[in-house]
Amino acid sequence: HPSAMLLRSARALSALRTLTRAPPAAASSRGLATDALKAAFAAKLPAAIDEVKSIRAAHGEKSLGVTTVAQAYGGMRGIKCMTYETSLLDPEEGIRFRGFSIPECQELLPKAKGGSEPLPEALFWLLLTGDVPTEAEVEGLVANMAGRSKVPEKVLGLVDAMPVSMHPMSQLSAAVLALQEESVMAREYAAGTTKAMYWDHCYEDTLTLLARLPEVAARIYRRTFKDGTFIPSKSGELDMAANYAHMMGFDDPAFQDLMRLYLTIHSDHEGGNVSAHTIKLVGSALSDPYLAFSAGLNGLAGPLHGLANQEVLRWILNVKKELGGKPATVENLTEFCWATLKSGKVIPGYGHAVLRKTDPRYTCQREFALKNLPDDEMFKLVSTLYEVVPKVLLEQGKVKNPWPNVDAHSGVLLQYYGLTEENYYTVLFGVSRAIGPLASLIWDRALGLPLERPKSITSGWIKNHFEKE
């Protein structure tokens with residue numbers, strides 16, 4: 001109810017002002033004084049809570065749009081029914097992180113020494129605060145995360161006990177649940193914490209989870225595909241992406257830069273996609289970030305969501321096989337694409353539920369390839385497909401968006417650098433997808449957003465409703 005929401009926001013604001021006036025130790029065991037990102041976030045909250053209160057007071061009873069029967073049956077596409085602060089997807093421009101496009105993030109966010117792509121830690125700072133961090137602020141965040149990064153031995157033991165035949169995404173989801181034992185949110189809630197502190201506990205869990213994910217994910221890779229030979233972490237020496245690459249066994253600086261780009265561009269895509277919305281939904285029950293993120297991973301593992309990048313690569317490899325050593329041309333690829341469609345299959349990696357242009361996440365990967373692997377055979381094949389597929393799909397006339405999405409390119413880049421196990425690719429996506437939705441989850445708790453509970457109806461209800469008109 002609007003009045004209840006206003007009351008919650010007012011209480012949260014009052015408590016927050018008390019918190020930010022209190023000694024740093026009152027904020028958490030780490031304290032605002034020793035955590036610049038937490039302090040920056042806390043400083044943003046009073047104005048943000050006031051803004052939400054004023055928006056609700058001025059517009060709370062106004063409509064955001066009409067919901068149709070087709071939308072109710074059609075995956076709720078296009079229904080404006082939630083808030084999500086960290087990113088916004090425009091059908092024509094693509095994703096913007098706190099108002100910044102991907103090229104702007106590539107230009108403005110701090111980079112590793114010698115690197116050319118943004119640091120994922122810098123993006124997390126941006127998503128959480130709305131501000132572009134300084135190099136010193138990012139260095140402080142990297143150090144903060146390094147201090148949290150040691151994965152408990154019993155969690156590593158649980159990972160090692162899982163069968164290697166188990167899908168890597170299932171292993172990752174289970175490992176995140178094992179990490180949940182140390183959840184600050186769960187512990188403090190059980191001890192009777194106040195609502196004003198939910199965001200603080202959520203923040204602590206999120207930063208620790210982000211710090212530990214690379215080692216867990218790398219261990220899953222090494223035990224599943226590299227006979228269980230593990231590479232020690234260099235957390236504190238390397239940034240999150242470079243250390244993740246290192247622990248998987250990749251020390252090529254170009255691959256480390258690719259990992260920075262990959263983790264950045266896959267991090268967030270507003271709140272309605274399956275993984276982000278699952279994290280938001282589960283988190284709304286005051287489930288801690290570990291529980292919420294594990295649930296989001298299970299959604300990401302689906303063929304219509306994160307698993308798509310793996311399917312795209314397999315399709316491209318099949319195209320190469322069918323060509324039988326012949327060079328890819330516009331003519332033979334056009335013929336192959338039509339054969340795919342006429343067989344009742346889709347061309348993976350093209351089209352998007354919201355976008356109506358080439359995905360800028362595809363574009364930045366293409367630019368990376370042009371810079372680092374312009375003569376690679378697989379890249380040339382992907383480039384020719386970029387010329388062919390949209391024309392074929394437009395001629396077919398069955399899709400609203402014939403342009404490539406993020407999945408159309410990422411597998412080829414990973415293959416080039418030797419990460420050839422496509423069954424693992426969704427794990428990379430999963431590590432990245434922790435960054436955006438968990439930043440947004442901290443905001444949900446800070447703003448006092450309630451439990452999600454939309455109304456469902458039956459087909460019979462719909463028939464009766466319109467028959468009465």
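Is E422 buried or exposed? E422 is buried, and its relative accessible area is 18%. The cut-off for buried is under 20%, so E422 falls within that class. As for where that residue sits, E422 is part of the loop that runs between α19, residues 407-416, and α20. Leaving out residues up to four places away in sequence, E422 touches Q310, L313, R314 and Q415.

Before I go on, a word on confidence. This is a predicted model. The average pLDDT for the protein is 91, and 92% of the residues score at least 70. Residues 1-31 have a pLDDT below 50. That stretch still has 50 contacts in the model beyond near neighbours in sequence.

Start with α11, residues 240-248. How many of the residues of α11 are buried? The count is 9 of the 9, so helix α11 is largely enclosed by the rest of the structure. Going through them, the buried residues are M240, A241, A242, N243, Y244, A245, H246, M247 and M248. What do they pack against? The partners are α5, α6, α10 (198-225), α12 (253-265) and α20 (425-433).

On the α5 side the contact uses E121, A122, F124 and W125; on the α6 side it uses E137, V138, L141, V142 and M145. Sorted by class, that contact of α5 with α6 has 7 nonpolar residues, no polar ones and 2 charged ones.

The last pair is α17, residues 360-372, with α18, residues 377-396. Here the axes come within 11 Å and cross at roughly 140°. With that angle, α17 is oblique to α18. The crossing of α17 and α18 is left-handed. From α17, the contact takes in Y362, R366, A369 and L370, and from α18, F379, V382, S383 and Y386. By class, the contact of α17 with α18 has 6 nonpolar, 1 polar and 1 charged residues.

How values were computed. Residues numbered from 1 in each chain as written. Predicted model: local features only at pLDDT ≥ 70, side-chain atom pairs only at ≥ 80, totals over all residues. Heavy atoms only, no water. Contact = heavy atoms within 4.5 Å. Helix = DSSP H or I, 4+ residues; strand = E, 2+ residues; numbered from the N terminus. Nonpolar A, V, L, I, M, F, W, Y, C, P; charged D, E, K, R; others polar. Axes fitted to C-alpha atoms, helices over the stretch in contact; angles between N-to-C directions. Parallel < 35°, antiparallel > 145°, perpendicular 65-115°, else oblique. Left-handed = near helix turned anticlockwise from the far one by under 90°. pLDDT = per-residue confidence, 0-100. Buried < 20%, exposed > 50% of the residue type's maximum accessible area, 1.4 Å probe, protein only.
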